[in-house]
Amino acid sequence: MSNLINLEQVHKSFGIKPLLDNVSLGVHAGERIGVVGLNGGGKTTLLEVLTGIEEPDSGRVSRLGGLRMAVVTQRGVLPAGATVGSVVLAGLADDASTDEVAEHEWAADSRIRSVMEGIGIADLGMDTPVDNLSGGERRRVALAAALVRELDLLVLDEPTNHLDVEGVQWLAAHLLGRRSALVVVTHDRWFLDTVATSTWEVVGGKVESYEGGYGDWIFARAERARQADASEARRRNLARKELAWLRRGPQARTSKPRYRVEAAESLIADVPPPRDSVSLAAFARKRLGRVVVELEDATLTTPDGRELVRDLTWRLAPGERVGLVGVNGSGKTTLLRALAGDSDATLAAGKRVQGQTVQIGWLRQELDDLPTDLRVLEAVQQVAQRIMLGDKEISAGQLAERLGFSPARQRTPVGDLSGGERRRLQLTRILMSEPNVLLLDEPTNDLDIDTLQQLEDLLDNWAGTLVVISHDRYLIERICDSTWALFGDGKLTNLPGGIEEYLAKRATLAASRTRAGTPETKPADAPATDSAAYRAARKELTRLERAIDKLSEREQRLHSALADAATEPDKLVTLGAELKQVLTEKETAEERWLELAEGV
């Protein structure tokens, strides 16, 4: 397996803080690496040094000659005045002009259409100026420009931040189907566990490498913490609790055990039992009474009059823990605003009822409610000095520390905080207000995995009613007892099967819309543009035939190699995985060939 990039004794500092200290590592062909670590710990710096965006202070970085690589970072900018089409197709325009490529490729190339639709930008239109797009749309356009190319290495920094649950699943499947190597910084634990074959943890200027994805990394870190000093007790306990939750989790995660069972059992033997929902609900009823928040015959619309939800009657119960999912624009945030009683939520019909003892804590996506003239600890103490969390009393400083603010960082002016730190401060202030109803709108945005674990640990023992919007499947599955979805049909749908049922229903809806939009017969007087589509389809058929022939040849070679390696278990595993990927690609190509052949 060839090395694409090597780092040898690399050092990189900003100011007096070393982010990379004598780091040596390599990226191999076909390897998929997930990069994790605390915010500000050096993850993005590692990516930029790997790819040549930043030069190291010392050490050596070597790259394979002719390496085809694409990099999508959070700092990336799109060319001023460019269109969506010119950005997405820039890497494909060789001899033809961008306009010629756009006219043909967008009309006929299923791979480009799949990418655009998969990450939710197909409706933007290829001629839309990128200057008019939101920050999230610009990030997705940059991501699409990388995904449509044939590459040796793909480097992504937080690619799931602006994708919904469906988009995250599509991206994972797409990356698994590619032959290129991958290095990705992500805090999405489902995505990490699904995609990564190895994990790098950037901590204290070093890069620790682990085999496998999120579950394997958590186990390895828990094992390492078990052998550490007593000063690591808090981190050890969180890792063990997380491991225990993973072991109890949905069957999909336990179907491929990767840990040594005996060692895992010894690590989680004395971990507290799962959340006692009955006790928490009983306590919530004492705090809340019978009525929490109710919407009766409610119709919600956007400011321009578009109907999002109609005739909705929804009564939140004391202690209920709800996960709310849906595609972007389906009305999730508007529904949360209506529950919160926000005047910006347009309640076109119906009414909202709130219990007398209800105190709402509402985490919005905006960060405009923080006192920038105070220091972090002062901003938290402004809400309260001490609170009861479960059966324990904790101070403002203790809660701030649990959510990632060290005692030294608590003296930092709020105005100097990063976006992720402001998000954590916003959440800390809400929890300090001791609400009995929590409404959380994308609480995981900009939070690293360690902070996510702390947050989930807090919410696990929180007694009250909870409604959370999130694309983080782990968060929804861990802290919520029920899942509800908005499918764009004006209704709120309960999903007993959780996120998996949501994705299955979305796939069914997409398939039914495709069938409904496909004409059964082609009119005899079809316009002249059909001839261009016919030629494009014939061209794609020819390309698919060549691809299927090549895949068949690879399949035969792999079968021969498997027979030769009958006494080499490690090689058998590697060859078997490669054969499985080849068969999947061949099946996909054959299905597409049959689909095109029927219409030509």
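**Note on the predicted model: cores, rings and a sheet**

1. Leucine 175 touches Arg32, Leu147, Leu154, Leu156, Leu182, Phe191 and Val195, leaving aside residues up to four places away in sequence; contact means heavy atoms within 4.5 Å. This is a predicted model, in which local features need pLDDT of at least 70 and side-chain atom pairs count only at pLDDT 80 or more, while totals for chains, interfaces and linings use all residues. Residues are numbered from 1 along each chain as its sequence is written, and side-chain values use heavy atoms, with hydrogens and water left out.

2. The largest nonpolar core has 46 residues, and Leu147, Leu154, Leu175 and Phe191 have the most contacts inside it. A nonpolar core is a set of buried Ala, Val, Leu, Ile, Met, Phe, Trp, Tyr and Cys residues joined through side-chain atoms within 4.5 Å. Buried means under 20% relative accessible area, exposed over 50%, and partly exposed in between (1.4 Å probe, protein chains only). Helix α5 (residues 135–147) gives the most to this core, with six residues. Helices (H or I, at least four residues) and strands (E, at least two) are DSSP runs, numbered from the N terminus.

3. The structure holds four aromatic pairs. Rings of Phe, Tyr and Trp (its six-membered ring) pair if their centres lie within 6.5 Å; planes under 30 degrees apart count as stacked, over 60 as edge-to-face and the rest as tilted. Tyrosine 214 and tyrosine 474 form an edge-to-face pair, 5.5 Å centre to centre with 90° between the planes. Tyrosine 214 lies in helix α8 (residues 214–226) and tyrosine 474 in helix α18 (residues 473–479), so the pair ties together parts that are 260 residues apart in sequence. Tyrosine 214 is buried at 0% relative accessibility, and tyrosine 474 is buried at 1%. Ring pairs link Tyr214, Trp217 and Tyr474 into a cluster.

4. The charged end of arginine 364 sits over the ring of tryptophan 362, 5.6 Å from its centre. Here NZ of Lys or CZ of Arg must be within 6 Å of the ring centre and within 35 degrees of the ring normal. Arginine 424 lies over the face of phenylalanine 405, at 5.0 Å from the ring centre.

5. An open sheet of six strands has the order β14-β17-β18-β12-β19-β20, with mixed pairing; two strands pair if DSSP finds at least two bridges between them. β14 (360–363) and β20 (492–494) stand at the edges with a single partner strand each, so one side of each is left without a neighbour in the sheet.
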